[in-house]
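Reader: I am new to this structure. Could you take me through it step by step?
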Amino acid sequence: PKRLSYEERGALAKNEALKRLYQTMVEKKSNLSVAADVTSATELLQIVDKVGPHICCLKTHVDILDTWNDEIAASLVDLAQKHNFVIFEDRKFADIGNTVVSQYSSGVYKISEWSDIVNAHIVPGPGIVDGLKQVGLGKKKGLLLLAEMSSAGTMAKGSYTEETVKIAEENPDFVIGFISVNPNSWAKKCKDGSLVHMTPGIKLQRGGDGLGQQYNDPKSAISRGSDILIVGRGVYRAEDPKLAAQEYQKAGWEAYLSEL
Ligand code: UP6
C-alpha cells in the first residue's frame, strides 16, 4: 500500500489527543475539519450541531466571537461529545514560552480548558513548545506546528518548514503533527509515521478570496500528503452547511481511500 491507514497511524501515536483524533476519523469515516469562522456565538453553536455528524474535528477562532463565557465553552464540549469530534482552537501562538503559558491557560478564553488541540508558529524557537507543553501535556492535549500556510507569499517554506519536523520529533509526547499544504514535498524526512497533516485552503471550487487565500480541492490536497481537510467558507457560507459538510466528508474520504 502507498500510505498507512488512519488505523495504523493511530496505533503508532504517542499522544492521547492524536490517538483520539485518528479513532474518531475511522469511526465516522471523516477526515473533515470544519472551520466555523462565524462571529456570532449563537450561530457557531447552531452550525456545529448541524455539521457535527460529518466532522472529525471542529476548528475554532474563539477570539472572533461576539461573546464568550464558561457556558459557551461547555456547550461546545457537549456538542463534541454528542457528535464525537475533537476541538482544535486555531490560536496560532507565536510568543516566548513564558507568555504562551499564560495565553494558553488564562485570560478570558482559558483555551486549555476546552480545546483538545492548539497550534503554534515556530518563529520564537523551540521554547514555545516547552511553554505550551507545560500547560497541555498533563491535560492530554496535543500541539500542531505551522509548517506551511495556504496564503500567497507565505514565508513558511524551505528550511523553516523543515525545522518544524525537527522540533516535532523532539517532542513526540506533545506535538501531534503539522498545518501543511504540500507535505509530500518536505515531510519524507519525518521518521514518525503517526504525525498528522492538517490542511487549510480547501474548496471544491478552486481559486482565491481576494485577500491572499489560495484554494485547493480535496482530492489534490490528499494526494499531496494531507490527512485532514480544513474547510471554512466552503461549508459555513454554503446555502445548506450540513449538506456541504456531507459533500466534503465524502470527497475527502474517497480521496483518502484511493491513496491506500
Ligand atoms: N488557515 C488558513 N491558512 C493557513 C492557516 N490557517 O486559511 O495557512 C485558517 C484560517 C481559516 C481557515 O484562519 O480559519 O483556515 C480557512 O478558512 P476558509 O476555508 O474560509 O478559507
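Author: Helices (H or I, at least four residues) and strands (E, at least two) are DSSP runs, numbered from the N terminus. The model is predicted: local features need pLDDT of at least 70, side-chain atom pairs count only at pLDDT 80 or more, and totals for chains, interfaces and linings use all residues. Residues are numbered from 1 along each chain as its sequence is written.

Reader: What do the buried residues of H10 pack against?
Author: They pack against strand E1 (32–35), helix H3 (41–51), helix H8 (218–223), E10 and H9.

Reader: And which residues of H10 are buried?
Author: Pro-241, Ala-244, Ala-245, Tyr-248, Gln-249, Ala-251, Gly-252 and Tyr-256 are. A residue is buried if 20 or more other C-beta atoms lie within 10 Å of its own, exposed if 12 or fewer, and partly exposed in between, with C-beta atoms placed from the backbone. An α-helix has 3.6 residues a turn, so residues three or four places apart point the same way.

Reader: Moving on, is Glu-239 buried or exposed?
Author: Glu-239 is exposed, because 6 other C-beta atoms lie within 10 Å. This residue is found in the loop between H9 and H10. Its C-alpha atom is separated by 27 Å from that of Met-149, 90 residues away along the chain.

Reader: How many residues surround the ligand?
Author: There are 16, and the closest are Met-149, Ser-150, Pro-200, Gly-232 and Arg-233. A residue is near a molecule if its C-beta atom, placed from the backbone, lies within 6 Å of it.

Reader: Which elements supply at least two residues each of that shell?
Author: Strand E10 (228–231) and helix H9 (233–236) do.

Reader: Which strands pair with E7?
Author: Strand E6 (residues 175–179) pairs with E7 in the parallel sense over 3 bridges, and Ile-179 stands opposite Met-198 in E7. E10 also runs parallel to E7, joined by 2 bridges, with Thr-199 opposite Leu-229 in E10. Two strands pair if DSSP finds at least two bridges between them.

Reader: What about the two faces of E7?
Author: Both faces of E7 (residues 196–199) are covered. Val-196 and Met-198 are buried on one side, and His-197 and Thr-199 are buried on the other.

How values were computed
Contact = placed C-beta atoms within 7 Å.
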